[in-house]
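Here's a quick tour for anyone meeting this protein for the first time. Have a look at the sequence and the model, then read on.

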Amino acid sequence: MPHFFIESKNKNNNLIIVSDVENYRHIAKSLRARVGEKLLLIDENQIQYETVIEAINSSEITCKITNSYTSKRDLGFDLYLAQSPLRSDAQLTIIEKATELGVRGVFPIITDNCALNKSVLEKKHEKWQKVMFEASKQCERAKVPICYEPSSIDKVLENNFDKILVMAERSTEISLKKYLTNNIISNGEKILVIIGPEGGFSQREFDYFISKGLPLISLGDLILKAETAVIVALGDIVYEYQG
C-alpha cells in the first residue's frame with residue numbers, strides 16, 4: 001500500500017485532504033490512483049492512517065480514514081551515523097540503507113582520506129536528503145531522518161551522545177558483539193556510529209579517537225568495503241537491541 005507523509009492539520013474528522021503538490025502529483029499522476037484505492041498516510045505525530053480514496057479533483061485528493069494507530073516503524077533509541085562519504089552510487093546506497101535501518105540522522109564527515117572535498121559534499125547534501133525522504137516512504141518510516149551539513153568529526157562530537165562507537169578495520173580493541181553485550185543499549189539512548197572512508201581512518205584520526213577515550217570496534221576478521229561496513233554495523237546494532 002503506498003505510503004505518504006502528511007500534516008495533521010489536513011485531517012478533518014474522518015477525512016484527510018491531500019493537497020500539497022508533490023504528494024498530489026505522485027498519487028494522482030505517477031501512480032494514477034483511482035477512487036476506491038487504499039493509501040497509507042502518516043502525520044508529524046507518527047499517527048498512521050489507513051485510508052480509501054473517496055474523490056480526486058484537479059488539485060486535491062479526499063481520503064476516508066478506515067483505521068488509525070501510532071506507527072511502530074521506529075527504533076526505541078536514537079541511532080546516528082557519522083560517515084566519510086564515498087563516490088557516486090556507493091554513497092546513495094549508504095544513505096538509502098541507513099534510512100531503512102532506522103537512523104535518525106547521517107553526519108557526512110570530512111576525513112583525511114575522504115573521497116570527496118567539502119565543496120562537492122555541500123552540492124550533494126540536498127540530493128542525499130531527498131534519497132532519505134523517498135526511502136522513508138518506501139519502508140514506511142514514522143519520521144524522515146536528517147542528512148546534516150558536511151562537517152568535521154570533532155564538530156559532530158559536540159553533540160551529546162550516550163554511546164559513540166568507532167568502527168575500525170584494523171586497530172581494534174573489542175568486537176561489536178562483545179561491546180554491545182557489555183554496554184547494553186537502553187530505550188531512548190542516543191547512539192553514534194562512526195565509519196571511515198574506503199582508505200580507512202588516518203593514524204592522526206585514530207590517535208584523536210584514542211585521546212577522546214572512544215572504543216575502537218571490530219566487525220570481524222574480514223575487511224569490508226565502507227558501504228558494506230555501514231550496513232553490517234547498523235544491522236548488528238539494531239539486531240542486538242531488538243534481540
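Is Ala135 buried or exposed? Ala135 is buried, and its relative accessible area is 3%. Keep in mind that this is a predicted model.

**The big picture**

- The protein has seven helices and 13 strands.
- Of its 243 residues, 44% count as buried.
- Take the contacts with a separation of 6 or more: residues 24 or more positions apart account for 73% of them.

**Ala135 in helix H3**

- Ala135, the residue we started with, sits in helix H3, which covers residues 118-138.
- Setting aside neighbours within four places in sequence, Ala135 is in contact with Glu96 and Thr99.
- Ala98 is 37 residues away from Ala135 in sequence, and their C-alpha atoms are 9.4 Å apart in space.

**Helices H2 and H7 side by side**

- Two packed helices are described by the angle between their axes and the distance between the axes.
- For helix H2 (residues 88-100) and helix H7 (residues 226-242), the axes come within 9 Å and cross at roughly 10°.
- An angle under 35 degrees counts as roughly parallel, so that is the label for H2 and H7.
- On the H2 side, the contact is made by Ala90, Ile94, Lys97 and Ala98, while H7 brings Glu227, Val230, Ile231 and Leu234.
- Sorted by class, this contact of H2 with H7 has six nonpolar residues, two charged ones and no polar ones.

**Helix H6 and its two faces**

- Helix H6 runs over residues 203-211, and Glu205, Phe206 and Phe209 are buried in it.
- Looking down the axis of H6, you'd find its buried residues within an arc of 100°, so they line one face of the helix.
- An α-helix has 3.6 residues a turn, so residues three or four places apart point the same way.
- On the face of H6 turned away from the buried side, you'll find the exposed residues Gln203, Arg204 and Ser211.
- Just after H6 comes Gly213, with a positive phi of about 70°.

**Gln83, a buried residue in a strand**

- Gln83 belongs to strand S7 (residues 78-83).
- With a relative accessible area of 1%, Gln83 is buried.
- Its side chain makes a polar contact of 2.9 Å with the side chain of Gln91.
- Beyond its neighbours within four places in sequence, Gln83 is in contact with several residues, including Ile94, Phe107, Pro108, Ile195 and Val230.

**Ile16 in strand S3**

- Strand S3 holds Ile16, which counts as buried at 0% relative accessibility.
- Leaving out neighbours within four places in sequence, the contacts of Ile16 include Ile6, Asn10, Leu41, Tyr49, Ile61 and Cys63.
- His3 lies 13 residues from Ile16 in sequence, with 14 Å between their C-alpha atoms.

**The loop between S4 and S5**

- Asp43 is found in the loop between S4 and S5, and counts as buried at 3% relative accessibility.
- A polar contact of 3.0 Å joins its side chain to that of Tyr49.
- A polar atom of the Asp43 side chain also lies 2.9 Å from the backbone nitrogen of Asn45.
- Apart from neighbours within four places in sequence, Asp43 is in contact with Ile6, Glu7, Ser8 and Tyr49.
- Gln46 has its place in the loop between strand S4 (38-42) and strand S5 (47-56).
- Although Gln46 is a residue other than glycine, its phi is positive, near 65°.
- Gln46 counts as buried, at 17% relative accessibility.

- Asn13 is in the loop between strand S2 (11-12) and strand S3 (15-18).
- Its phi is positive, about 60°, although Asn13 is not a glycine.
- Is Asn13 buried or exposed? Asn13 is exposed, with a relative accessible area of 63%.

Technical notes
Residues numbered from 1 in each chain as written. Predicted model: local features only at pLDDT ≥ 70, side-chain atom pairs only at ≥ 80, totals over all residues. Heavy atoms only, no water. Buried < 20%, exposed > 50% of the residue type's maximum accessible area, 1.4 Å probe, protein only. Helix = DSSP H or I, 4+ residues; strand = E, 2+ residues; numbered from the N terminus. Arc of directions from axis to C-beta. Polar contact = N/O pair within 3.5 Å; in protein donor to acceptor, adjacent residues only side chain to side chain. Contact = heavy atoms within 4.5 Å. Axes fitted to C-alpha atoms, helices over the stretch in contact; angles between N-to-C directions. Parallel < 35°, antiparallel > 145°, perpendicular 65-115°, else oblique. Nonpolar A, V, L, I, M, F, W, Y, C, P; charged D, E, K, R; others polar.
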